[in-house]
Amino acid sequence: MRAAVLQLSAQGMSSTKLYNYIRIAHKQGVKVLLLGEYILNPFFKELQELSTAMIQEQALHQIKVLKELSQTYNMTIVAPIVIVKKNKVFKTVAKFSPSSTTYYEQQILINYSHWNEEKFFANEIKEITSPLMFKVDGFKFAIMSGFEIHFDEMFAHISSKAVDCVLLPSVSTFDSYERWKALILSRSFTHNCYILRANRIGEYVDKNHSWNFYGDSLLASPNGELLEHLGNKEELMIVDMSHANVLKSRKAWGFREAQNKRSSL
């Protein structure tokens, strides 16, 4: 399975870079392309200052562009996007395939005093359910927003559904570089699946903080190894993944087998 991460800063209403990079990815045989958080929309702190009408206008424009690109290049594009429904603002991850568009509504949102998405967005607080899953050429993907990687219950669904790769768009900042890398590698190892993480780049400055989005988009292997990663610049990362390697890792470590023995007792 050939996939790609497009590491960008926020694009606003511009679509030029999306067209250019997705055309390149298509020429390289990419089947699935992942974007980081707050690329199609301004960063959360900026969103708070925008009208609902402006947020909706941006979302509708980028949705139209990505639908067109998915159809033109026969590619599945996974992209976080803030949308408006009935005058309420929701944080989602959209899956654009050549034949359809599906939205995954983020289930667990960050809720810290300096960064409270849970309070701003209208996403319903409810029992955790399975993340969005889909297959491309028999290879099974799951979509999870970056903050959700911290929660064991999300990964219980990953193990039970035998997912090959978790697609993880994120918007990591501050001094979290090493912590995020360690967390992703640990999750990929204990659940024996690939994790493809797309983190945005750029900077947002307010009166209290400088939010430096450092990139470091990466691919973790089912053995918890760092296979590929980017720096802090605008880049396209193309990666190859193998279902056979996922099966090999699961057989070698036996985590799922040990759990299944006990779940039947």
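This is a predicted model: local features need pLDDT of at least 70, side-chain atom pairs count only at pLDDT 80 or more; totals for chains, interfaces and linings use all residues.
The crossing in which helix 1 passes helix 3 is right-handed. On the side of helix 1 the contact is made by Leu18, Tyr19, Ile22, Arg23 and His26, while helix 3 contributes Gln62, Val65, Leu66, Glu68, Leu69 and Tyr73. Sorted by class, the residues in this contact of helix 1 with helix 3 comprise seven nonpolar, two polar and two charged ones.

From this packing we turn to the empty space in the model. Rolling a probe the size of a water molecule over the atoms shows where such space is left.

The largest pocket holds about 380 Å³ of space, and its lining is made up of 20 residues. Of these lining residues, Ile110, Trp115, Phe147, His150 and Trp180 are the ones that lie nearest the centre of the largest pocket. Helix 6, which runs over residues 177-190, gives the most to this lining, although its contribution is three residues. In terms of class, the lining of the largest pocket has eight nonpolar and eight polar residues, together with four charged ones.

The second largest pocket holds about 270 Å³ of space, and of the 14 residues that line this pocket, Ser159, His191, Phe255, Arg256 and Gln259 are the closest to its centre. Helix 5 (152-160) and helix 8 (255-263) each supply at least two residues of the lining, and it is helix 8 that provides the largest share, with five residues. The lining of the second largest pocket divides into four nonpolar, eight polar and two charged residues.

Strand 3 (76-85) and strand 4 (88-96) are the elements that give two or more residues to the lining of the largest cavity, and the largest share, three residues, comes from strand 3. By class, the lining of the largest cavity consists of four nonpolar, two polar and two charged residues.

Notes:
Residues are numbered from 1 along each chain as its sequence is written. Side-chain values use heavy atoms; hydrogens and water are left out. A crossing is left-handed if the near helix is turned anticlockwise from the far one by less than a right angle, and right-handed if clockwise. Helices (H or I, at least four residues) and strands (E, at least two) are DSSP runs, numbered from the N terminus. Contact means heavy atoms within 4.5 Å. Ala, Val, Leu, Ile, Met, Phe, Trp, Tyr, Cys and Pro count as nonpolar, Asp, Glu, Lys and Arg as charged, and the others, Gly among them, as polar. On a 1 Å grid over the protein atoms alone, a cavity is a set of points where a 1.4 Å probe fits but cannot get out, and a pocket is an open set with protein on both sides within 12 Å along at least five of seven lines; lining residues have an atom within 4 Å of a point. Grid points are joined across faces, edges and corners, and a volume is the space filled by probe spheres set on the points.
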